[in-house]
Amino acid sequence: MAKYMYLFRGGDSRRENQSPEEMQAHMQKWGVWMKGLAEKGILVDGLPLGKEGKVVSGEKKVVTDGPFAEGKEIVGGYLIVNADSLDKAVEISNGCPLFEHDGQVEVREIMSMDI
Amino acid sequence: MTINDSIEHLFRHEYGKIVAALTGKFSSNQIDLIEDSVQEALLKAMKLWGFGDLPDNPSAWLYRVASNHLIDNLRRAKKTVEYDFPEEFFIDENTINDSSILSGIKDEQLKMIFACCHPSLNQTEQIILSLKLLGGLSIKEIASALLKKDEAVKKAITRAKEKFKNEIGKLEIPAQNKLNKRLSSVLKVIYLLFNEGYKATEGKILVKKDICLEAIRLAEILVENEVCNKPQVNALLALMYFNSARFDARINEDGELVTLENQNRNLWDQNKIKAGVYYLDKSSTGMEITEYHIEAGIASLYSTSESFDKTDWNTILNLYNLLIRINQSPIIFLNRLVVFEKIHGPEKALEEMKNIEKEKSIFDNHLYYSIKADFAKNAGNIESAKELLLKAIKLSENTIERNFLGTNSLIIRYNNLSYLSNSYLFI
């Protein structure tokens, strides 16, 4: 059993053009999915990320506004789940409503002491 | 409250409420930025609340976030020349839980209703704008409900909004001397809205329930206000409640239309019928009898009758005779004819029908053919009935209606295919 992180990207244009009714329906899908994960003890943590941010770079710690990468590349949120393997973690991610909006989920194992 | 217990149409209704509140505060010419701000707030809510529970007071949360977004947007648009933003405009968490901010929202929505039905807009614009700004429907949803193309609706909204921005300014309830006239436009829009939802112009679904409920919701805002709580508004509300009580009985499990005669009355929503009776009662004050009063009276007779056969046709016919003096529309004439036939039989009804055949527009109306078909069948002219029914099918835009008419044509096993329409379907 290990922890995996889901990084959510994309889906912005479809998401933003929804009617209030559609937004509510979409939100409810997330709710159902997340609740399901929580009930099975799979969900550890997760939250959306705010639009604005800053980037601090280099030795000189230069601060710029951002990130302003192309919409598809910006991470919109994250989730941490428990799973037996990377493949299992990928399988679990299939239920994510983000895919309806043509978004993307990056799945990465969170390293732990027990390697 | 968890997200999945969240109130049906919460987002859509909050959209309307907050747009109204902010437009009341910042004036109609900011409507574009206002809509954007509310949309942003809902997007934020969608993202955040999807991960967990709703906040204790979702309305307050949305209002606060939208308001702050709007101020940011206004600043960015450099329109601050007109606006001095004292810090109080930025609403923090503590302030927002003070219910006084939200208490005025019914009034704000009321003013918004009048604004959306402003005389500078034509009727289609009034309907579309009401659906967008008050109802929180998207362009696509409106287009689908009104059987129009997305592009056409988009253009109509743009035009309507231009007028809205320029002609309306500050939102307000019209002054006493203008109120009746303005109210009359509002009621027309609400009535048309209800009709659109009820007869469903959408290709597949016969009843656009949400639009009907939206119309009812708007009328209720009116009656809750002292100044606008007029008899005719109550009458319209009664009419809408009586008709919407039958929603669940109108379509069977196979998605087919069920006529009034064959509906399972156990599926009629008695609470809605009670509400209809309540409002009908409240409407019977004052000196004026309006069309809404008469239609509500007719609807109540249908809805409170124990069975189809026990329906009080005579009183209904009397009411139609009254109605036709106020409104000679062909549709009302047809509605009346259906009842006339019940009392006087098909031959007399067919005779009576000649009066309407002088009106050329009737020949484009599928209801004319389907009603005539019914009379013909009752009079024993099966061939004629079939022909007329085929004409009706050709003219009917609505899939479910077409199927209904079609079934009846192929298997001459029909039940009374009586139709009333525009005011409400005999269904």
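This is a predicted model: local features need pLDDT of at least 70, side-chain atom pairs count only at pLDDT 80 or more; totals for chains, interfaces and linings use all residues.
Residues are numbered from 1 along each chain as its sequence is written, chains are lettered from A and ligands numbered from 1 in the order in which they are written, and side-chain values use heavy atoms, with hydrogens and water left out.

Chain A may be described first. Its secondary structure comes to 3 helices and 6 strands, where helices (H or I, at least four residues) and strands (E, at least two) are DSSP runs numbered from the N terminus. Read from the N terminus on, the elements follow the order β-α-α-β-β-β-β-α-β. Along the principal axes, the C-alpha atoms of chain A fill a box of roughly 45 × 45 × 20 Å. Of the 115 residues in chain A, 37% are buried; buried means under 20% relative accessible area, exposed means over 50%, and partly exposed lies in between (1.4 Å probe, protein chains only). Chain A has an accessible surface of about 7300 Å², and 53% of this surface belongs to carbon and sulfur atoms. Such areas come from the Shrake-Rupley method with a 1.4 Å probe, and for residues only the protein chains shown count as cover.

Within chain A, A:Arg15 and A:Asp12 form a salt bridge whose closest N and O atoms are 2.3 Å apart. The term denotes a side-chain nitrogen of Lys or Arg within 4 Å of a carboxyl oxygen of Asp or Glu. Both residues belong to helix H1 (residues 12-16) of chain A and are 3 residues apart, about one turn of the helix. A:Arg15 counts as buried because its relative accessibility is 10%, whereas A:Asp12, at 29%, counts as partly exposed.

Chain B is built from 21 helices and 0 strands. Of its 427 residues, 56% count as buried. In chain B, 68% of the contacts with a separation of 6 or more are between residues 24 or more positions apart.

Several charged residues of chain B deserve attention. The structure holds 24 salt bridges over all chains. One of them joins B:Glu125 and B:Arg159, at 3.8 Å from N to O. B:Glu125 lies in helix H7 (residues 123-134) of chain B and B:Arg159 in helix H9 (residues 150-168) of chain B, so this pair ties together parts that are 34 residues apart in sequence. B:Glu125 is buried because its relative accessible area is 3%, whereas B:Arg159 is partly exposed at 47%. Another salt bridge, of 3.0 Å from N to O, links B:Lys310 with B:Glu306, and both of these residues are exposed.

Salt bridges also form a network that links B:Asp32, B:Glu35, B:Lys132, B:Lys161, B:Glu162 and B:Lys165. B:Glu35, a member of this network, is placed in helix H2 of chain B. B:Glu35 is buried because its relative accessible area is 5%. Its side chain makes a polar contact of 2.6 Å with that of B:Tyr15 and another of 2.8 Å with that of B:Lys132. A polar contact is a pair of N or O atoms within 3.5 Å; within protein, one must be able to donate a hydrogen and the other to accept it, and residues adjacent in sequence count only if both atoms are side-chain atoms. Apart from its neighbours within four places in sequence, B:Glu35 is in contact with B:Tyr15, B:Lys132, B:Leu133 and B:Lys161.

The two chains also meet each other. The size of an interface is often given as the accessible area lost when the parts come together. Here chain B and chain A bury about 2100 Å² between them, 67% of it on carbon and sulfur atoms; this buried area is the accessible area (1.4 Å probe) that two parts lose on being put together, summed over both. The contact involves 24 residues from chain B and 23 residues from chain A. Across this interface there is 1 salt bridge, in which the side chains of B:Arg12 and A:Glu21 approach to 3.4 Å, N to O.

Conventions
Contact means heavy atoms within 4.5 Å.
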